[in-house]
Amino acid sequence: MTRNFSAIAALLLAGTLFFAVNLLSNATLHSARFDLTEDRLFTLSAGTLNTLAKLDEPIRLRFFYSEKLANDIPGAQAYSQRVRDMLKEFEARADGGLILEIIDPQPFSEEEDEALALGIQGLETGGGDKFFLGLAATNMIDGQETIPFFAQDREQFLEYDLTRLITKLSTSGLPKVGVLTGLPLDIGKGGVESMMRGNIKPFVLYEQMREFYDVTLLPKQFLQVDKGLDVLVIVHPDNLDLLTRYAIDQFVMRGGRVIAFTDPVSEVAKPPAKTKNPLASPDATSPSSELADLYQSWGIAMDENLVVGDRKNGLRVAVDYLGERQNVAYIAWLGLGETAFNAEDPVTADLSYMTFAMPGFLTPLEGATTRFTPLISSSADSGPIEATLMLRRAPNPVDLLRDFEPTPETYTIAARISGPAASAFPAGPPPLPDDADDVLRETYAALPAHVAQSQSPINVIAVADTDMWDDGWWVQSTDFRGQRITVPTADNGNFVLGAIENMAGSNDLISLRSRAKSNRPFTVVAELLANAESRYLAEEQRLEQELKQTEARLAQMERPNAGGMPPPDGGAGQSFLSSEQEQEIARARAQIAQTRSALREVQRSLREDVDNLAATLRFINIGLMPLIVAIAALLFGWIRRQRRKHRARNAWLEEANQ
C-alpha cells in the first residue's frame, strides 16, 4: 500500500513539475532559440540585427499566407513555413519594432480583397483559388513596401529582401545619387550639337535613375564630394584632374559608396566622324577612360591596353567576306547569359542577359587588403585583345575570330570591392594650380582634414565597360505621339539600378550576402541515378531500336500479299503464307516478347541502386537506430545491475569481516 501511494504521489509530482516548467518557460524563455541547422538558416546576420536595433518607430508587417492551399502545391508548405519562421525571428529580434500579423485570405473574403489592393499577387491553383504568399509592410507615416510573392528561387536572399524592405521604411526621402560622367547622359548621344538643334534624348538609363533617385549631375571638376550623397556613380571619367580624383578618394575613405564604369575602348564615347558645328570639339571626349591611381588604392587594376574577346558569347553579326554574306560571332561584342553572373550577390542574382561592347577586365592586385568579388565574368573560351586594334578601326569579325587565341581563364568584367584600404594620396591633397582663383583657394583651404586610411570598410562596384549605358545595346525605343516608348532587350538597366539600390542602403544591408537554401537535395540519390542511367541508357536504346525493327519486320510479313504472290480468284484481300513465313512470323513475335522482357529488366535495373539506397535509409532510420538505442539501453541496464551486485557483494564482505 505504501509503495502504491508513493508511486501515485511521484506521478502527480512529475505532472505538476512538467506543467510548472512549461508555464515558467513560456513566461521567461519565449525569446530563447537554438538554431541547429547546418547552415544556420534561422540565425540572423549581424547586419540585420543592427538594422532592427535602429528602428525608432514600429513597422507593421502583414503576411498573407494561404495555409490550406499550400498542401496542394508541391514544396509550397515547407517554403511557406520557412518564410513564416524567418518573419517571426525578425519580430522577436526587433524588440517591439516590428508588429507581425499572419493573415489567411480565404476565397472571396475581405482579406483576399485587401491582399490584392495592397499589391499581393495570388498564384492561380488548379481549383481556381488564389494562393497568397506575400508581405505588405507600412510605417507610421503611411510609407508602404510590398513583396508581392515570395518566390522560392530567391530563398537564399530571403533575409536580404526582408532587411531591405525594413531599411526602406525606416529611412525617409529618396536616396541621393551623384553622377560624374564624360558622356552626354542628360542630353543624348548627339551631345551639344544635337541639343542646339533641339534634339534632346537623354540616355534611357539616366532617365530611369531620375525616376527612382534624387540625381545630381556633378561638374567635371570639383574639390569635394557632397557628404550628403548616398552613392557616387562615375561613368567614363574623361581626363579627371588630380584634385577631382582626390575628392573621390576622400569620399571613399570617409565611407562613401562608388559605382565606377571605366572602359579601354568606349564606342559610345567615340566622336562622330563628321560634324557640321564648327564650335564642336570632336576630341572633347576620349574613347578610353581610367581611374588607375584610385583603382590601385582599392586593390584592383584594369589594363587600358586590353579588351575581352569571348568566342562563346560573341554576338552574331552579318558581314560580307570574300564576296559572301556570312553570319559570324563578333567576339568583341558580348551577350552574356545567366552563367556569367554571380548568383550569390543580390545585385546580379536575378539577371538573365546583358550586353557589352569591347569591355575591359578587372584583376585583384597581389597583397591587396580589400576583398575582390567577381559579379560578371566572361566564359572560359575568352581571352585578351589589343585595344589599339579596336581603336584604329573595327576589324573584320571573320579576321578577328580567325586570329583569336582564347585562354582557359575567365575574365572579370564587373566586381565588388570591400574592406580596408589606404588613400591614393598618402601625402595629402595635391597642390592647387598656379592660376587658381580666389574662390578656389578659399574652398581648398576649407577642405576637411586628410584621411589616409579608410574609416570603415570601403564599398565599391567597378565595371570595365561604359557602352552598356548606350540605349542601342539594351533597349528598343519608339516615338508614339511625342512620347518615347522603351522596351528592354537586356538587363543592363536592371544591373545599374540594382547596384545603386544595393549601395544606397546602409552598410548593414550591403554586408548581407546570400544564405543557403533550406531545400537539401538528395545528392547521393541523384548521383546514383545518373550513374545508373549512364550504365543502362545505351542498352535501353539498343533494345528499343531492336524492338522497333522487329515490329516493323513483323508488320511487313503480316501485310496482305507480303509474300509477293497474287491471291487466287475470290480471295482478294487474303494472304496465303508458306510454312516458312509462318515460322518466321512466330520467331519475330517471340523475339518481340523477349526484347520487351529484356527492356523491362533494364528499366527495373535503372532503379535498382536507388531502391537499394532507399531501403538502406529506411532500415537505418526505422530499424537500425531503434535497435542501437535498445542495445544501448540493455547494455546500460546490465552495467547498472552489475554495479549493484558489486556494491552488494562489497557490503556483504564488509559485514562478514566485522
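Me: OK, first thing: Phe261 and Trp469, are they buried or exposed?
Reply: Phe261 is buried, and Trp469 is buried too. Buried means under 20% relative accessible area, exposed is over 50%, and partly exposed is in between, using a 1.4 Å probe and protein chains only. Keep in mind that this is a predicted model: local features need pLDDT of at least 70, side-chain atom pairs count only at pLDDT 80 or more, and totals for chains, interfaces and linings use all residues. Residues are numbered from 1 along each chain as its sequence is written, and side-chain values use heavy atoms, with hydrogens and water left out.

Me: How many aromatic pairs does the count come to?
Reply: The count comes to nine aromatic pairs. One of them is Phe261 with Trp469, an edge-to-face pair with 5.4 Å from centre to centre and 90° between the planes. The rule is that rings of Phe, Tyr and Trp (its six-membered ring) pair if their centres lie within 6.5 Å; planes under 30 degrees apart are stacked, over 60 edge-to-face, and the rest tilted.

Me: Where do Phe261 and Trp469 lie?
Reply: Phe261 lies in strand 9 (residues 257-261), while Trp469 is in the loop between strand 19 (458-463) and strand 20 (475-480), so this pair ties together parts that are 208 residues apart in sequence. Helices (H or I, at least four residues) and strands (E, at least two) are DSSP runs, numbered from the N terminus.

Me: And why is the pair of Phe361 and Tyr411 edge-to-face?
Reply: Because the planes of Phe361 and Tyr411 are at 70°, with the ring centres 5.0 Å apart. Phe361 sits in the loop between strand 14 (354-357) and strand 15 (362-364), and Tyr411 in the loop between helix 11 (397-403) and strand 18 (412-419), so here the parts tied together are 50 residues apart in sequence.

Me: Which residues form one aromatic cluster?
Reply: Phe63, Tyr65 and Phe150 do.

Me: Switching topic. How many helices and strands are there in the chain?
Reply: The chain has 16 helices and 21 strands. It runs to 658 residues, and 40% of them are buried.

Me: What share of the contacts is between residues 24 or more positions apart?
Reply: Taking the contacts with a separation of 6 or more, 77% are between residues 24 or more positions apart. Contact here means heavy atoms within 4.5 Å.

Me: What is the count of buried residues in helix 12?
Reply: Zero among its eight residues, so helix 12 (residues 438-445) is hardly covered.

Me: Now Thr355, where is its place?
Reply: Thr355 is in strand 14, and it counts as buried because its relative accessibility is 5%. The side chain of Thr355 reaches the backbone oxygen of Trp473 at 2.4 Å. Leaving out residues up to four places away in sequence, Thr355 touches Leu334, Gly335, Met468, Trp473, Trp474, Ala490 and Asn492.

Me: What does Ser379 touch?
Reply: With residues up to four places away in sequence left out, Ser379 touches Asp310, Lys312, Asn313, Glu409 and Thr410. Ser379 belongs to the loop between strand 16 (371-377) and strand 17 (382-386). A polar atom of the Ser379 side chain lies 3.1 Å from the backbone nitrogen of Asp381. At 11% relative accessibility, Ser379 counts as buried.

Me: Last one, about the backbone. What is phi of His236?
Reply: Phi of His236 is near 50°, which is positive in a residue other than glycine. Most residues other than glycine have a negative phi. His236 is in the loop between strand 8 (231-235) and helix 8 (242-253), and it is buried with a relative accessible area of 0%.

Me: And what about phi of Met358?
Reply: Met358 has a positive phi too, near 50°. Met358 is found in the loop between strand 14 and strand 15, and its relative accessible area is 0%, so it is buried.

Conventions:
Polar contact = N/O pair within 3.5 Å; in protein donor to acceptor, adjacent residues only side chain to side chain.
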